[in-house]
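Here is a friendly walk through one model. Have a look at the sequence and the 3D view first, then read on.

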Amino acid sequence: VQLQASGGGLVQPGGSLRLSCIASGTIFSTDPMAWHRQVPGKPRELVALIRGGATADYADSVKGRFTISRDTAKNTVTLQMNSLKSEDTAVYYCYAWTRGTPYWGRGTQVTVSS
């Protein structure tokens with residue numbers, strides 16, 4: 001399984017970005033997929049996770065602003081980020097867990113700055 005993320009970039013505070021991740025290989029609809037983020041010097045943190053059945057969990061810091069969704073037919077997971085803040089600046093990583101193995105995509109940089 002390979003995960004390829006896209007959609008990062010530079011945005012002003014209050015703006016929006018949409019991250020997409022496409023998985024090559026088999027991801028079952030019941031497998032969880034997620035987005036994590038990391039800033040230098042800090043551990044990677046979970047931003048949003050979506051399970052089979054579309055149940056989603058969010059970090060408290062992004063609740064009400066970010067929305068995770070997936071298209072199981074296309075093997076994609078998307079993170080819609082609204083009302084972005086400077087503290088959302090980080091490298092964002094796509095993640096999937098299938099058949100007992102975690103998979104990570106390469107990160108995509110999100111920078112929120114005026």
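## Salt bridges

A salt bridge here is a side-chain nitrogen of Lys or Arg within 4 Å of a carboxyl oxygen of Asp or Glu. The model is predicted, and it holds five salt bridges. One of them joins aspartate 60 to lysine 63, with 3.1 Å between the closest N and O atoms; aspartate 60 is exposed, at a relative accessible area of 65%. Another pairs aspartate 57 with arginine 51 at 2.5 Å. Aspartate 57 is partly exposed at 33%, and arginine 51 is partly exposed at 36%.

Arginine 65 and aspartate 88 also form a salt bridge, with the closest N and O atoms 2.7 Å apart. Arginine 65 sits in the loop between strand S6 (56–58) and S7, while aspartate 88 sits in the loop between S8 and S9, so this pair ties together parts 23 residues apart in sequence. Arginine 65 is buried at 10% relative accessible area, and aspartate 88 is buried at 1%.

## Nonpolar core

The largest nonpolar core counts 27 residues, and Met33, Trp35 and Phe66 are among those with the most contacts inside it. Strands supplying at least two residues each include S1 (2–6), S4 (33–38) and S9 (90–98). Methionine 33 touches Leu3, Ile50, Val77 and Tyr95, among others.

## Positive phi values

Which loop holds serine 83? Serine 83 lies between S8 and S9, with phi near 50°, and is partly exposed at 40%. Arginine 99, in the loop between S9 and strand S10 (101–104), has a positive phi of about 50° although it is not a glycine. Arginine 99 is exposed, at 54%.

How values were computed. Residues are numbered from 1 along each chain as its sequence is written. This is a predicted model: local features need pLDDT of at least 70, side-chain atom pairs count only at pLDDT 80 or more; totals for chains, interfaces and linings use all residues. Side-chain values use heavy atoms; hydrogens and water are left out. A nonpolar core is a set of buried Ala, Val, Leu, Ile, Met, Phe, Trp, Tyr and Cys residues joined through side-chain atoms within 4.5 Å. Buried means under 20% relative accessible area, exposed over 50%, partly exposed in between (1.4 Å probe, protein chains only). Helices (H or I, at least four residues) and strands (E, at least two) are DSSP runs, numbered from the N terminus. Contact means heavy atoms within 4.5 Å. Lists of a residue's contacts leave out its neighbours within four places in sequence.
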